[in-house]
Amino acid sequence: MATITLAGKTVEVDAEGFLVNPNDWTEEMAPVLAEKVGIYELTDRHWDVIRFMRKDFEERGQIPTIRRIKNAGGIPTKELYQLFPEGPAKKAAFIAGLGKPQGCV
Amino acid sequence: MDASNNGKLKKVSIVISKGSLEGVYPGLIMANGARMEGMEANLFFTFFGLEAIMKKRMDKIKVATVGNPAMHIPSLVGILPGMSAFATKMMLKEMDKLDIPPIPEFIEMVHDAGAHIYACKATVEMFHLSMDDFCEEVDGILNVGKFYELSAGGEIIFT
């Protein structure tokens, strides 16, 4: 498994660059990860999504779906697609240091 | 092939032609999944598939318990009143656990995700329907020519 240095910390990543261990993640890594998926500014709304995903993952042990981000996280789907264009579930999980979502929805 | 770009599919147009639960969900999951992967997605509802976008019908879509061997319910039992509703309820419950929404919420979600939703003109005329009969997510009523025009450069999937 490859390792990379993010915000001064060396972490393990998979072939697509997703963090292998969500616990390695720090908030300082988010902007660096975001740039890798073409998001150059993280607004408060981006952070609402990232923090919800981290919290939900900690509580339930699984990466929240787009529906859960909408219903439990309060982020409308339309807005989620604007914040993380072309693949919001994957991109948000990537930036939040979670693995790649494996569900179909 | 136009639809692929570095081996990646860029666009899908999905036709939903059946009005049963098992006829509607696969197309919705595929269209939503396409958007989740950053692909362009069109949904085209035709024949009984139109029930899934009709205001008065979309929350009443049921799984077929008769003539469906994979349900493992003998057809004679399947015809009993309430069987279809019961099987549907059980199935929706399992889907909810996977965060697969009920049809009205799914239509809203897939539309919010940026998929375009269309009704088939021939069926609309045959059933004497109009835009008023459809949920607000429906972007328009299309004839087959226009459907092909919109689908240009992508893959067409019939369900």
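At what angle do helix α2 and helix α5 of chain A pack? Hi everyone, let me walk you through that one. Residues are numbered from 1 along each chain as its sequence is written, with chains lettered from A and ligands numbered from 1 in the order in which they are written. Please keep in mind that this is a predicted model, where local features need pLDDT of at least 70, side-chain atom pairs count only at pLDDT 80 or more, and totals for chains, interfaces and linings use all residues.

Back to chain A. Helix α2 (residues 44-60) and helix α5 (residues 88-95) of chain A pack at about 75 degrees, their axes 9 Å apart. Axes here are lines fitted to C-alpha atoms, for helices over the stretch in contact, and angles run from 0 to 180 degrees between N-to-C directions. Helices are DSSP runs of H or I with at least four residues, strands are E runs of at least two, and both are numbered from the N terminus. So α2(A) and α5(A) are roughly perpendicular, a label for angles of 65 to 115 degrees.

Who meets whom? A:Val49, A:Ile50 and A:Met53 in α2(A) meet A:Ala92, A:Ala93 and A:Ile95 in α5(A), with contact meaning C-beta atoms, placed from the backbone, within 7 Å.

Now, chain B. Its open sheet of five strands runs β6-β5-β4-β3-β7, with parallel pairing; strands pair if DSSP finds at least two bridges between them. The edge strands are β6 (140-142) and β7 (155-158) of chain B. Helix α6 (residues 144-151) of chain B lies across β3, β4, β6 and β7 of chain B, at about 165 degrees to β4(B).

Terms used
Angles under 35 degrees count as roughly parallel, over 145 as roughly antiparallel, 65 to 115 as roughly perpendicular and the rest as oblique. Two residues are in contact if their C-beta atoms, placed from the backbone, lie within 7 Å.
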